[in-house]
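Here is a quick tour of a protein model, meant to be read with the coordinates open. We'll start with the whole chain and then stop at a few local spots.

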Amino acid sequence: MATDPSRWWQPALDARPEDRLALEAAAGRQQRFAQLDALAARLLAAALAGRRVASVVRGTGLEAADSVKVLRLTARQKSWCAEAFGVQEQQRRGAWYLPQKMSLKAGAVNLPHLVRERPAHAMTLAADDSAGISLVDGSADAVLLWSVLVPLFETLTEPIRVRAAGPAKTIDDQRRLWSGIEERYRLLGVADEALEAFRFGGGWHQLDRPGQQRARLRLLDALAAVDPLQLVTRHRSLCMQALMAGFAKKAAKAGTALARRVLTRPLQPVVSGYFAGDWLAVLDYLQAPPHPDEEVITALPESRLYVGMSAQAAGMAAEAGIPEEEIHAMLAAFLGGPTSLSPVEERVAVLREWWTAFDQAHAVQRPGMRSLWGLVDEGIMGFGPDEHVFTQQLYRQVLPASVNEQVDRLWQSVTLQRHARSIVSNPHPHQLMAETLGPTLEFWHGVALTAWFVCEGPYSRAPLSGVADYYSRPLSALRDAGCPVPTGLFEELRTAERNLGPEESIVRDQRELPVDTAVGSFGLTMSYSSGSRREGFERVRDIVTRHRRAWADQYLGTYLEQRWRTALEDVARAHHRHVAAKGRPPTLIQFAQFATAAANQWTGGDLGGLYTAIGEPAPAQQEHPARLLPGDSYDFARRVYTALGGVAVDDELRMNQPEEAQRQWQLNSLAIESLRYVQLHEALGQAPTFKQFGSRRLALVWPGREPEGWSVFQRTLATLTDTSPPASAPAAGTAVADPGLLESTKHVLSKGANAPLRPESVAVRLITTGVPVDVSAVLLSSNGKVRSDHDLVFYNYPHHEGVRTSSDTVTADLPRVPDDVHAVAVIASIDVEAQPTAVFGQHTTWRAETTQPSGTALSFEPAAFTLGETVSIVVEIYRHAAGWKVRGVGQGYDTGLAGLAADYGINVEP
């Protein structure tokens with residue numbers, strides 16, 4: 001736009017922060033920020049002095065969001081923040097761009113505290129403070145962090161974070177990176193000496209670990225020596241400069257600009273942080289009029305759902321004076337189906353019918369029968385013999401065929417979010433149906449299984465007295481839905497547990513062996529037992545059945561309506577939010593980003609059906625490609641497994657040929673992934689490429705590496721789906737995968753990086769060069785310390801609470817690790833008594849291979865140690881949300897085991 005001398009900020013575009021602030025003050029525009037500047041400066045001063053200023057509270061379930069809290073706010077500041085940063089308040093001012101979900105790096109604001117208090121682990125602990133936030137609940141603290149505090153602290157601590165991450169790719173990249181950091185520090189008014197050790201060519205890599213820690217502390221001291229209000233206001237000025245430049249670029253012709261044209265993703269936090277989400281306040285600050293086409297939406301329209309209209313057909317017909325059959329025909333045409341029942345109503349009816357059959361199956365369960373683990377499809381798929389405790393696809397044996405057929409029909413198709421133009425086959429209709437039922441099924445099926453395993457064995461993850469705690473997440477969800485489980489159930493279960501019979505060992509195998517000795521012959525009885533049982537299952541079963549049926553009579557109908565209504569209303573609100581933020585309806589692809597889950601559960605993946613249910617026109621129609629998945633998906637995956645060379649894995653194979661057993665697990669994983677391959681084939685209209693399939697998710701490594709392995713895999717699936725193999729696949733007659741060809745993919749972890757683990761056993765094997773290296777493990781509580789000296793697992797104490805060590809491997813059975821163990825650290829150490837001069841370095845190195853039975857394979861190898869370290873933390877297996885992760889650590893100690901023991905709170909005998 002042309003320079004307008006009446007606008008104070010035009011000269012400020014290219015000014016330094018202090019000059020821009022002076023122009024702002026002279027124009028009377030600074031006072032609006034006084035309260036926020038003072039608050040941010042107070043928190044910054046506290047952080048630089050070593051105090052925490054934010055906390056993260058983890059969600060308690062797999063899908064539960066985390067929450068954050070800004071600390072050290074006065075009651076008055078909290079009240080002001082709620083008004084300025086509350087999500088609903090910002091949306092009432094037009095800030096519909098606020099993300100509904102975000103990954104918030106809350107650890108950035110606590111990094112100064114961690115550098116002072118936990119210097120050896122500061123970066124790792126800060127990384128753990130990332131939070132998965134949902135802004136639906138209106139967290140003002142999350143918006144304050146996202147928009148103001150995290151950007152401020154990330155700018156100030158950037159030198160520390162960059163050095164912790166390692167050097168950039170090239171020398172030129174490093175020079176550019178550090179040139180930018182130094183320029184930002186100069187603009188903030190921080191002395192050049194603060195970056196002396198950090199800057200490019202400053203000798204950072206010549207410092208030992210204590211030297212690097214001291215350099216970080218000196219940087220914090222240098223920042224603390226600057227007036228915090230200066231740092232805060234100058235950082236705000238830099239943010240304002242970007243906003244001014246963005247506005248000026250879009251206002252070049254009209255003299256003003258639309259909010260949606262200016263507010264790119266980087267500028268959205270600036271408006272939320274410094275203008276409380278109010279675009280009109282931005283225009284006032286810039287002395288610009290609103291654009292003629294600007295529409296500030298302060299509230300979303302009410303959602304109207306088109307579900308249940310068939311039940312109103314008689315009344316509608318009487319009111320219109322036409323036959324009821326015509327109303328039903330009109331509704332069927334409107335819904336795009338064969339009847340006037342909406343897709344949602346169809347599914348609700350089947351869910352009720354399924355629940356009746358499910359309830360009856362549990363009600364007639366008795367000792368001597370198989371357990372009902374497998375009655376609900378949890379996505380567990382394997383190709384060995386069924387174990388006594390779990391039966392794959394048990395629902396096909398127990399539930400009426402008519403019920404199973406309806407589930408297969410209504411949940412047989414889905415939309416893939418990344419390929420939303422097509423509706424494709426769903427390999428797991430019964431699992432999707434269970435997800436549609438949600439927490440009520442999780443609880444009532446879970447408590448019935450707990451009753452079985454406590455009484456009939458072989459073991460249970462929770463006692464009857466602990467059911468309320470163990471299933472706290474679904475119980476909480478049911479309370480929130482207004483359908484609580486009465487507490488009387490838990491009291492009756494506690495009483496019933498006290499009246500169960502004594503524990504009896506479950507004998508799996510018993511043999512009589514004759515023994516001849518010099519003094520005579522006798523018989524030796526050898527038995528193998530697995531777990532225990534207690535008499536009294538029928539009494540407990542009847543308690544659970546009575547409460548389950550009472551709950552269903554009172555709440556099931558309300559609960560099912562709450563499930564579909566919540567899902568559809570969430571989609572409708574997201575649609576309205578998009579219109580409010582962008583000024584136009586979402587495209588089909590954009591709609592799929594927030595509507596796919598609801599469509600898959602309630603309309604068979606049909607986004608058009610979901611559009612109809614929320615009363616909005618669909619911008620395009622989805623395609624319905626030919627179904628390639630033949631028949632039952634479990635049977636198909638089993639045939640893939642067999643074609644790739646899979647065989648049943650039994651105890652003998654696991655014991656005598658562990659490498660072959662591991663390879664079979666890899667084949668099992670590949671066969672399961674073949675279902676996703678077929679889905680992609682349907683969605684794309686052709687066989688997916690290696691990249692489209694997702695090499696990071698499951699790369700394939702044959703002796704001929706990717707070209708050979710991928711073509712063999714594709715040829716196998718082409719044969720089984722009766723499709724033509726891609727041109728890159730082997731010619732006809734080429735053998736399908738030889739069982740000796742498949743190897744595990746090993747994803748490489750970098751130092752500090754993490755990866756998710758499945759809730760099963762995980763093994764960390766150390767592969768070393770040079771002198772012998774001992775492997776041990778340390779069980780750590782949430783404060784990073786051991787609970788007692790027994791938490792050190794090593795060659796003299798090789799088993800402890802789900803963790804065991806062997807010659808070169810630490811194995812953790814994650815489901816058996818106690819709840820108060822937050823992490824398991826794997827340790828490598830040199831026996832300095834046997835090798836007094838040996839250290840980790842060029843000649844003695846290690847590499848960690850982390851594997852799981854389901855196919856997880858990770859490799860981590862640190863850079864060579866150079867400071868005389870004899871002990872190293874290899875990796876850390878730690879809890880994250882409701883699951884587990886593994887992190888590459890590679891931290892060495894030149895103080896030996898004594899130094900590590902001191903950090904972990906282990907008493908070392910002199």
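**The whole chain**

First things first: this is a predicted model. The protein chain has 34 helices and 21 strands. Of its 910 residues, 50% count as buried. If you take the contacts in the chain with a separation of 6 or more, 69% of them are between residues 24 or more positions apart.

The table puts their geometry side by side.

| Pair | Axis distance | Angle |
|---|---|---|
| H17 (343-363) and H25 (537-582) | within 11 Å | roughly 165° |
| H1 (17-26) and H11 (228-250) | 9 Å | about 80° |

How do H17 and H25 run relative to each other, parallel or antiparallel? Their axes cross at roughly 165°, and because angles over 145 degrees count as roughly antiparallel, H17 is roughly antiparallel to H25. The crossing itself is right-handed. On the H17 side, the contact takes in Val344, Val348, Leu351, Arg352, Trp355, Phe358, Asp359, Gln360, His362 and Ala363. Facing them from H25 are residues including Arg541, Arg548, Arg549, Trp551, Leu556, Leu560, Trp564 and Leu568. Sorted by class, the contact of H17 with H25 has 12 nonpolar, four polar and five charged residues.

H1 and H11 pack at about 80°, and since 65 to 115 degrees counts as roughly perpendicular, that is the label this pair gets. From H1, the contact uses Pro17, Glu18, Arg20, Leu21 and Glu24. H11 brings in Thr233, Arg234, Arg236, Ser237, Leu238, Gln241 and Met244. The class tally for the contact of H1 with H11 is four nonpolar, three polar and five charged residues.

Ala276 isn't a glycine, yet its phi is positive, near 55°. You'll find Ala276 in the loop between H13 (268-275) and H14 (279-285). Its relative accessibility is 17%, and because buried means under 20%, Ala276 counts as buried.

Gln393 is another non-glycine with a positive phi, about 55°. Gln393 belongs to the loop between H17 and H18 (395-398). With 17% relative accessibility, Gln393 counts as buried.

Gln431 is part of helix H20 (residues 429-437). Is its side of the story buried or exposed? The relative accessible area of Gln431 is 19%, so this glutamine is buried. Leaving aside residues up to four places away in sequence, Gln431 touches Asp377, Glu378 and Gly379.

As for cysteines, Cys239 has 15% relative accessibility and therefore counts as buried. Cys483 is at 0%, so Cys483 counts as buried too. How many disulfides does the model have? With a pair of cysteine sulfur atoms within 2.5 Å as the criterion, the count comes to zero.

How values were computed: Residues numbered from 1 in each chain as written. Predicted model: local features only at pLDDT ≥ 70, side-chain atom pairs only at ≥ 80, totals over all residues. Heavy atoms only, no water. Buried < 20%, exposed > 50% of the residue type's maximum accessible area, 1.4 Å probe, protein only. Axes fitted to C-alpha atoms, helices over the stretch in contact; angles between N-to-C directions. Helix = DSSP H or I, 4+ residues; strand = E, 2+ residues; numbered from the N terminus. Parallel < 35°, antiparallel > 145°, perpendicular 65-115°, else oblique. Left-handed = near helix turned anticlockwise from the far one by under 90°. Contact = heavy atoms within 4.5 Å. Nonpolar A, V, L, I, M, F, W, Y, C, P; charged D, E, K, R; others polar.
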